[in-house]
Amino acid sequence: MEAALGLLRRMPPKQSETALSALLSLLPQHSSDLLSQVDLPLQVLRDAESRKDFILCEYNRDADSYRSPWSNKYHPPLEDALYPSSELRKLEVEANDIFAIYRDQYYEGGISSVYMWEEDDNEGFVACFLIKKDGSKSGHGRRGCLEEGAWDAIHVIQVGPEEEEMAQYCLTSTIMLSLTTDDEPSGKFGLSGSIRRQMKMELAVAEGHLCNMGRMIEELEGKLRNSLDQVYFGKTREMVCTLRPPAEIVHMRLPDS
């Protein structure tokens, strides 16, 4: 099981679904653990009633149906499905509206969805904040300039019960990035990877759970973006420039004839 998870962490996000399917056939006894611990690239479905797209994931799935955060209905329809309580649903609606503004300001487009559900012991709740940005030329972003490009962000926050006007928050964030360029100067080039980090905090609930969760997501996502820039882009730039230095640097190194 540990080796399987290690392998999946090192697979490009575009190939993770194929790799997971192969591992499920090899390790059927670990299927529940694999499905719960492995993040796959996010998929999108259209809610015909609200005329809005929403993101599909394990956190809004029941059997083979997925619940829309806009209409609170399952697609396709499902009997005896699970729904959040009325109080939590109200918080979920507010979170979707606020997170859409956050997504538009930081990502200049894309699709976002927020889902919430009660813990089994009814002593807290869990919230899942999702963003999918298609940066390709045919995508829904405003600066599509890549042949293919996808940014999938998954933020899952466990919120403990309130005690003396304080609450425990545990945020687990995963970012999956993949891009491909294909132009005359650079040729075809692909880059993909994923990164996961966790943050725990105890915060006062005077300003509300949404304010606390929003600050945590903003802070951790900023750190993840910096890590991706340094690890994936920075290291790749360093290796490429070492193996294939730009022409002007080569000319500078050549002795005069």
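# Notebook: Tyr169, the cores and the cysteines

**Entry 1. Tyr169.** I looked up the neighbours of Tyr169 and, leaving aside those within four places in sequence, found it in contact (heavy atoms within 4.5 Å) with Ile157, Gln158, Val159, Met199, Lys200, Met201, Leu203, Val205, His209, Asn212, Met213 and Met216. I note that this is a predicted model, in which local features need pLDDT of at least 70 and side-chain atom pairs count only at pLDDT 80 or more, while totals for chains, interfaces and linings use all residues. Residues are numbered from 1 along each chain as its sequence is written, and side-chain values use heavy atoms, with hydrogens and water left out.

**Entry 2. Met213.** I turned to Met213, one of the contacts of Tyr169. Met213 lies in helix H5 (residues 209–243); helices are DSSP runs of H or I with at least four residues, strands are E runs of at least two, and both are numbered from the N terminus. Its relative accessible area is 0%, so I record Met213 as buried (buried means under 20% relative accessible area, exposed over 50%, partly exposed in between, with a 1.4 Å probe and protein chains only). Met213 and Tyr169 are 44 residues apart in sequence, and their C-alpha atoms are 7.9 Å apart in space. Beyond four places in sequence, I find Met213 in contact with Met116, Phe125, Ala127, Phe129, Ile157, Val159 and Tyr169.

**Entry 3. The nonpolar cores.** I used this definition: a nonpolar core is a set of buried Ala, Val, Leu, Ile, Met, Phe, Trp, Tyr and Cys residues joined through side-chain atoms within 4.5 Å. The largest has 34 residues, of which Met116, Phe125, Phe129, Ile157, Tyr169 and Met213 touch the most other members. At least two residues of this core come from each of H4, strand S6 (111–118), S7, S8, S9, strand S10 (187–204) and H5. H5 gives the most to this core, with seven residues. Apart from it lies another core, of 13 residues, among them Phe54, Ile111, Val126 and Cys128.

**Entry 4. Helix H5.** The buried residues of H5 include His209, Asn212, Met216, Glu221 and Gly234.

Entry 5. I traced the pairing next (two strands pair if DSSP finds at least two bridges between them). Strand S7 (residues 125–134) pairs with S8 in the antiparallel sense over 10 bridges, and Lys133 has Trp151 in S8 as its bridge partner. S8 also pairs with strand S9 (residues 166–183) in the antiparallel sense, over 12 bridges; here Glu148 has Thr180 in S9 as its bridge partner. S8 and S9 form a hairpin with six residues between them, and Glu164 in the turn has a positive phi of about 55°. Strand S8 (residues 148–159) is mostly covered, with nine of its 12 residues buried.

**Entry 6. Tyr59 and the cysteines.** I located Tyr59 in the loop between strand S2 (52–56) and strand S3 (61–62). Tyr59 is partly exposed, at a relative accessible area of 29%. Outside four places in sequence, Tyr59 is in contact with Asp39, Tyr115, Trp117, Cys128, Ile154 and Val156. Cys128 is buried, with a relative accessible area of 0%, and Cys57 also counts as buried, at 10% relative accessibility. The sulfur of Cys57 is 4.6 Å from its closest cysteine sulfur, in Cys128, too far for a bond. I find zero disulfides in the structure, a disulfide being a pair of cysteine sulfur atoms within 2.5 Å.

**Entry 7. Backbone exceptions.** Most residues other than glycine have a negative phi, and most peptide bonds are trans. I noted a cis peptide bond between His75 and Pro76, with omega about -10°. Pro76 lies in the loop between strand S5 (74–75) and helix H4 (86–107). Asp80, in the loop between S5 and H4, has a positive phi of about 55° although it is not a glycine. At 78% relative accessibility, Asp80 counts as exposed. Ala63 lies in the loop between S3 and strand S4 (65–67) and has a positive phi of about 60°. Ala63 is partly exposed, with a relative accessible area of 46%.
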